[in-house]
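User: I would like to go through the aromatic side chains and the chain contact in this model. Could you take my questions one at a time?

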Amino acid sequence: MRLISRRLGLYVVTAIVAITANFFIPHLMPGNPVLSLIGRMQAQVSTQTITALELQYGVNTRTGLWGQYLHYWAQLLHGNLGISLSSYPTPVTTLIRGALPWTIGLVGVATVLSFVLGTLVGIVVAWRRGSWLDNILPVMTFFQAVPYFFLAILAVALFATKLGWFPQNSAYDITLNPGFSGPYIASVLDHAALPALTIVLASVAGWIITMRNVMITTMDEDYVLIAQAKGLPRSRVISYAARNAILPSVSGFSLAVGFIVSGALLTEIVFSYPGIGFILLQAISNEDYPLLQGIFLVITFAVLGANLIADFVYAFLDPRTRQEG
Amino acid sequence: MAIPVGTTPVSPDATAPAPGVTGKRRMRMLRLPRSPKIMIGLGLAIFFVLLAVIGPYVAPYDPSASLSTTKGTPLPPSGAHWLGTTQVQQDVLSQLLVGGRSTILVSLIAGAVATVLAVLFGVTAGYFGGWVDDLLSMLANVFLVMPALPLLIVIFGFLSKSASPNDLLIGLVISITGWAFGARVLRAQTLSMRTWDYIESARLIGERSWRIMTFEILPNLIPVVATSFLFTVIYGVGTFAALSFLGVISVAHWSWGTMLYWAQSAQAAQQVHIEWWWFLPAGLALGLFGTSLALLNFGIDEFINPRLRAAGLTGRQARRAGMPRHPRLGLTPVIASAGRNGSGTSQDRSGQDGSGSGESLMVGGPR
């Protein structure tokens with residue numbers, strides 16, 4: 001399990017870097033962070049808000065920068081991400097806790113779907129190379145290049161507004177009571193379908209292209225030739241080649257997941273889906289910096305968690321990584 | 001947004017023209033395959049760069065000016081406004097033309113700076129190895145797994161309100177998050193080249209490290225550097241558009257992302273009569289610019305990995321090259337294998353091929 005422990009070390013370092021960056025970015029900006037924040041908030045500034053901000057950024061606590069940094073860590077380890085400015089005095093953690101399940105559900109399902117679908121299509125395209133299937137590559141390139149949120153706008157315009165197949169926004173029918181009832185669950189699935197399909201469509205191209213390219217190289221290996229020469233059924237030969245060809249896709253997952261999550265947040269905004277993306281937009285338009293920073297940390301931790309899962313899958317698939325020494 | 005996981009592994013003999021190749025042959029090898037994909041990509045890329053240069057001069061109206069105060073709804077395309085107007089009667093075509101410059105400039109700056117950083121860190125880490133490698137690789141990996149967009153949102157959230165939006169600054173900040181992938185690929189390549197004979201001999205005769213890195217190693221990495229540049233430009237386009245769309249970068253600064261921000265905040269896609277002219281041009285422009293770079297990248301990929309080149313041939317080209325029409329089994333033939341002169345038969349087809357693919361095909365064995 002050397003791979004896992006090494007990757008775990010990387011994730012710990014990344015988390016520390018992210019937390020440190022989160023602390024220092026406000027302090028690197030010119031002037032007193034609290035005063036400049038207040039200067040930017042056009043509307044009501046109560047003394048409570050100022051006190052909350054001063055506590056948040058450790059100003060006026062008569063400790064140096066290092067002391068403030070340690071204070072920040074102590075707060076963080078107690079699960080305290082500060083107080084939201086836009087919905088004062090709700091803690092940032094409460095807001096995030098309300099939004100996180102929606103995002104994890106949507107992005108988790110969409111990412112797994114997209115990975116499975118993309119890998120399967122990639123195998124087929126590689127196996128039938130030279131046929132008309134190669135023509136989907138340039139099309140896929142377009143979907144890979146186009147921003148997620150633009151695809152989302154198109155999806156809303158076409159499938160929700162024009163054709164009326166899907167609801168335009170939000171996560172469930174607000175006339176229903178949340179709970180484990182049939183209509184509620186059906187409504188949640190109905191509302192999640194179009195955002196999820198958008199994320200799948202936007203992210204599937206990367207998996208298809210990676211899988212196809214690696215698969216073409218793998219099919220040149222001698223063992224694939226032997227498998228074919230032995231007269232094994234075609235599906236068996238493909239599975240032998242695909243099992244090795246999938247490894248770069250799995251290790252590429254760590255690169256892709258950050259992009260997919262970022263893209264998914266923007267997709268949520270277009271669909272007014274009440275996930276992290278929605279409160280992110282709220283934080284940006286209200287200049288709610290504590291919420292913004294809290295979201296950054298939570299997304300980072302979520303991405304690191306997804307990476308760790310991908311590492312376990314990789315170790316499971318590739319026996320070489322399980323060898324000691 | 002582009003997911004840069006698609007680069008193929010590079011075999012060392014494909015990146016480097018083998019010593020002893022004659023000048024003429026070398027030129028032919030360096031030429032990118034002229035497949036339709038690459039020609040379309042190149043044409044589109046040139047078109048967009050031209051647009052960025054002349055766009056603001058040919059824009060018919062001021063993109064921010066309200067041209068009429070009487071109407072409160074966006075107008076569809078007409079003779080006066082080729083791409084219609086926004087809710088406050090701004091000309092969409094003018095916004096597209098003016099916004100193109102900022103979008104393309106920011107992404108090119110981000111791509112260029114990130115590529116320089118990638119070369120600097122990647123080649124240094126690969127060449128020196130040891131603790132330098134450990135440190136730089138760790139740094140690159142941290143930037144790879146940390147989600148870039150949320151970090152940029154935090155940075156710009158604090159930065160952009162105090163400073164006025166400036167294309168150079170935006171490009172620089174985006175490049176901070178975009179160099180790590182290229183650095184990792186370049187490091188792996190440099191690592192495999194370190195022990196090559198001519199690098200060893202350069203070291204033995206006492207060439208300085210910086211000289212070996214810049215004059216012996218770097219020229220062989222140019223295809224990889226080019227790929228890395230294209231990917232970071234695509235990344236820059238997507239990231240800048242996303243930041244503008246979120247409104248983190250001042251929404252008064254015209255770019256294609258900003259246009260989508262305004263269209264979305266007016267719910268242009270949710271109206272009963274969909275105001276497609278408002279969001280479609282900017283989104284398509286973003287997508288096509290990214291596509292053009294990705295198509296160019298296909299060319300470089302096929303240049304690096306000859307197997308992909310054979311796999312990308314059309315049926316007619318494949319028959320001409322003497323390949324089976326549907327190669328089911330392994331054995332994707334290597335075509336115009338770079339660095340392997342003298343194996344297989346060479347057919348010069350330039351001038352006699354209607355499809356315009358004038359590359360010389362060399363069909364040899366797979367290995």
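User: Is B:Trp179 buried or exposed?

Analyst: This is a predicted model, and the answer is a computed one. The relative accessible area of B:Trp179 is 4%, and the cut-off for a buried residue is under 20%. B:Trp179 is therefore buried.

User: How are the planes of the rings of B:Phe121 and B:Trp179 set to each other?

Analyst: The ring centres of B:Phe121 and B:Trp179 are 4.9 Å apart, and their planes stand at 85 degrees. B:Phe121 belongs to helix H4 (residues 92-128) of chain B, while B:Trp179 is in the loop between helix H7 (167-176) and helix H8 (180-193) of chain B, so that the pair links parts of the chain 58 residues apart. B:Phe121 itself is partly exposed, at a relative accessible area of 24%. Because planes over 60 degrees apart fall in that class, the pair is edge-to-face.

User: Which class does the pair of A:Phe23 and A:Tyr69 fall in?

Analyst: The structure holds 21 aromatic pairs over all chains. In the pair of A:Phe23 and A:Tyr69, the ring centres are 5.2 Å apart and the planes are at 55 degrees, so the pair is tilted.

User: Which residue lies over the face of B:Phe215?

Analyst: A charge counts as sitting over a ring within 6 Å of the ring centre, provided that it is also within 35 degrees of the ring normal. At 4.7 Å from the ring centre of B:Phe215, the residue over its face is B:Arg211.

User: What area is buried between chain B and chain A?

Analyst: The contact takes 67 residues from chain B and 74 residues from chain A. Carbon and sulfur atoms give 73% of the buried area, which is about 6600 Å².

User: How many salt bridges does the rule find across the interface of chain B and chain A?

Analyst: Between chain B and chain A, the count of polar contacts, with both residues at pLDDT 80 or more, is 1 residue pair. For salt bridges across this interface, the number found is 0.

Terms used
Residues numbered from 1 in each chain as written. Chains lettered and ligands numbered in written order. Predicted model: local features only at pLDDT ≥ 70, side-chain atom pairs only at ≥ 80, totals over all residues. Heavy atoms only, no water. Phe/Tyr/Trp six-rings, centres within 6.5 Å; stacked < 30°, edge-to-face > 60°. Helix = DSSP H or I, 4+ residues; strand = E, 2+ residues; numbered from the N terminus. Buried < 20%, exposed > 50% of the residue type's maximum accessible area, 1.4 Å probe, protein only. Contact = heavy atoms within 4.5 Å. Buried area = accessible area lost by both parts, 1.4 Å probe. Salt bridge = Lys/Arg side-chain N within 4 Å of Asp/Glu carboxyl O. Polar contact = N/O pair within 3.5 Å; in protein donor to acceptor, adjacent residues only side chain to side chain.
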